[in-house]
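Colleague: Hi, could you walk me through this one? I have a few quick questions.
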Amino acid sequence: MISPDAARNVVGIIGNVISFGLFLAPVPTFWRICKRKDVEEFKADPYLATLLNCMLWVFYGIPVVHPNSILVVTINGIGLLVEGTYLLIFFLYSPNKKRLRMCAVLGVELVFMLAVILGVLLGAHTHEKRSMIVGILCVFFGSIMYFSPLTIMGKVIKTKSVEYMPFFLSLVCFLNGVCWTAYALIRFDIYVTIPNGLGALFGAIQLILYACYYRTTPKKTKAAKDVEMPSVVVSGTGAGGGAAAGGGNTGGGSVSVTVER
């Protein structure tokens, strides 16, 4: 008979793998940016939001705040590196106006995180209080990121077309939410359950919409579309981003993905 802790670790490792895939979802977009040496109309907002989400989840998962959550730390730590790389590329190929805005937002995020860290460590002296404060912040930002697909789902219903909602990303977002929700339920963690439960719910709705409107989607020989999907993960994409992936995971944070049909 497998123990609850062992089962939780297995589910968490699977969640790490799925969330990592979500964090890598924007790679085609950034490959395009690097090739053209221009960010064009892409915005850094989704990646800045996912970065903040990952920072919060990393802080939540460290032993002094919420013990026995190392798998939350690992995937969101990876999310921090991935999102930082995206933002570096974005910075290199952005005009000065966008660079200044990025620096301003990043500065606000760092000041906010510093305030949270100092406030929690100096003002709360038990794991329960620290987990509650940081957990509420994670739920708030993670839930906002998971609400981001609502605009896409509304467009699918209005146009009766899933052109802007790739099946694979919808499926991975659903699996990510289910996996991290299961992880949180094995050793009940309300702060991981809420945002990832929402992620699983919205992922399921996207899959249902895909089944309903796939046949009515106009067929095109070739088109390149930029779509936005949640990256918050526990990861989020997020417990997560993402973180994550996140960030997500996880914002509203989201990731821009170029899909060629």
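Colleague: Is lysine 160 partly exposed or buried?

Modeller: Lysine 160 is partly exposed, because its relative accessible area is 45%; buried means under 20%, exposed over 50%, and partly exposed in between, with a 1.4 Å probe and protein chains only. Keep in mind that this is a predicted model, where local features need pLDDT of at least 70, side-chain atom pairs count only at pLDDT 80 or more, and totals for chains, interfaces and linings use all residues. Residues are numbered from 1 along each chain as its sequence is written, and side-chain values use heavy atoms, leaving out hydrogens and water.

Colleague: Thanks! Where is lysine 160 placed?

Modeller: Lysine 160 sits in the loop between α7 and α8 (167–186). Its phi is positive, near 55 degrees, in a residue other than glycine. Helices here are DSSP runs (H or I, at least four residues), numbered from the N terminus.

Colleague: Switching topic: which residues of α2 are buried?

Modeller: In α2 (residues 27–36), those are Thr29, Phe30, Arg32 and Ile33. They lie on the same side of α2, because they cover an arc of only 150 degrees around the axis, taken from the directions from the helix axis to the C-beta atoms.

Colleague: And what is exposed on the other side of α2?

Modeller: Trp31 and Lys35 are exposed there. Just after α2, lysine 37 has a positive phi of about 55 degrees.

Colleague: Where is glutamate 40, then?

Modeller: Look in the loop between α2 and α3 (45–61) for glutamate 40. Glutamate 40 also has a positive phi, about 50 degrees, although it is not a glycine.

Note on methods: Helix = DSSP H or I, 4+ residues; strand = E, 2+ residues; numbered from the N terminus.
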